[in-house]
Amino acid sequence: MRAPSPRGPLSERVRHALTTGEVDAALPDEAARAAAASADLLTDEDVQVTLTALYELHHQGLDGVDDRLEWDPTLLRARAALEDPFEAQLRAEVTVPEDLLAELDADAEREGLGPAVARALFDLTSRDDGPSLSAYVARKATDDQLREMLVQRSVYQLKEADPHTWAIPRLLGVPKAALVEIQADEYGGGRPERMHAALFARTMRGLGLDDTYGRYVDDVPAITLASVNMMSLFGLHRRLRGCIVGHLAAFEMTSSQPNRLYGNGFRRHGYDADVTWYFDEHVEADAVHEQIAGRDLAGGLVEQQPALRDDVLFGAAACLAVDGRVGRHQIDSWTAGRSSLRRPLAVGSAA
């Protein structure tokens with residue numbers, strides 16, 4: 001995709017480094033200062049778009065940017081200077097309920113740690129009382145708001161599954177097999193046209209949107225970028241493998257019913273099965289995936305490596321918390337009569 005447009009002095013300097021290949025040795029210090037000066041890293045436009053650009057070097061790369069910069073040591077140090085406080089803020093703000101942990105410990109004594117963690121994850125996701133974006137879409141969203149929702153989600157959905165796939169070589173046995181089973185479905189079972197990213201692109205085209213990979217990165221706010229950047233953070237670092245497993249478990253456990261509601265919202269506006277295919281596919285697939293993710297993937301991992309229990313639970317809680325903030329931003333914007341994007345979409349245009 002194109003290198004994201006700068007949103008502040010740090011992203012301006014990083015974009016210059018990426019597009020010219022002239023990497024300033026002072027970038028890591030500048031990144032550390034930018035992070036230290038931020039009141040909220042999750043909504044800091046300059047920090048999050050910088051992380052987006054640096055992480056994209058490990059995904060599909062950036063148009064006109066030398067692929068060798070993926071492993072440039074100065075850029076990696078600059079990224080780390082943002083990642084460390086980003087992770088620290090997440091760990092400070094995201095908590096797992098104490099009563100859930102107490103129940104987990106009691107269950108672990110009776111039935112083993114793996115089943116107890118799976119049960120705790122189902123409990124955690126069932127407690128999620130954040131604003132329901134899917135319910136809003138099903139009952140209230142306008143046609144323009146449906147387009148905005150697709151634009152917001154496109155930043156992740158057009159690369160769907162990729163951040164979680166990084167965990168595959170870091171797992172063994174039961175959890176590895178479970179993750180491969182889930183991801184095989186996400187990638188269409190070997191049929192490119194059935195890849196979930198391809199189905200989402202189809203939905204975008206049905207509403208007149210541009211389905212080019214990364215097309216709308218410049219349009220979405222920092223909190224949306226933060227949600228995707230968090231996945232890349234968890235997925236890229238082996239030490240955070242428990243977090244990415246927990247994230248995927250929560251993601252799958254909170255997907256089936258919301259996708260049913262999303263599909264209903266599009267049907268309410270007269271869109272046909274070609275447009276709703278993406279959502280309808282997830283209703284059935286994720287009902288199966290949530291069981292595999294909870295029991296075999298997350299439960300299997302902590303059964304093998306008990307020390308990862310807390311990271312698995314944290315990753316799940318972080319998924320719920322950050323995605324909840326993304327949904328709240330969209331609902332609050334729409335109920336206030338304004339766009340949830342950085343700039344409103346042009347009516348009747350994919351621009």
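Begin by selecting helix α5, where Leu100, Leu101, Leu104 and Asp107 are buried (under 20% relative accessible area with a 1.4 Å probe and protein chains only, exposed being over 50% and partly exposed in between; helices are DSSP runs of H or I, at least four residues, numbered from the N terminus). These residues cover an arc of only 125° around the axis, taken from the directions from the helix axis to the C-beta atoms, which puts them on the same side of α5. Turn to the other side of α5, and Glu98, Glu109 and Arg110 are exposed. The cover over the buried residues of α5 includes α6 (113–127) and α16. Just after α5, select Gly112, which takes a positive phi of about 105°.

This is a predicted model, in which local features need pLDDT of at least 70, side-chain atom pairs count only at pLDDT 80 or more, and totals for chains, interfaces and linings use all residues. Residues are numbered from 1 along each chain as its sequence is written, and side-chain values use heavy atoms, with hydrogens and water left out.

Next, select Leu18, which, leaving aside neighbours within four places in sequence, is in contact (heavy atoms within 4.5 Å) with Ala53, Leu57, Leu62, Val65, Leu69 and Leu75.

Finally, show Arg153, Thr254, Pro258, Tyr262 and Asp323, which are the closest to the centre of the largest pocket among the 39 residues that line it (a pocket is an open set of points on a 1 Å grid over the protein atoms alone, where a 1.4 Å probe fits, with protein on both sides within 12 Å along at least five of seven lines, and lining residues have an atom within 4 Å of a point).

Technical notes:
Helix = DSSP H or I, 4+ residues; strand = E, 2+ residues; numbered from the N terminus.
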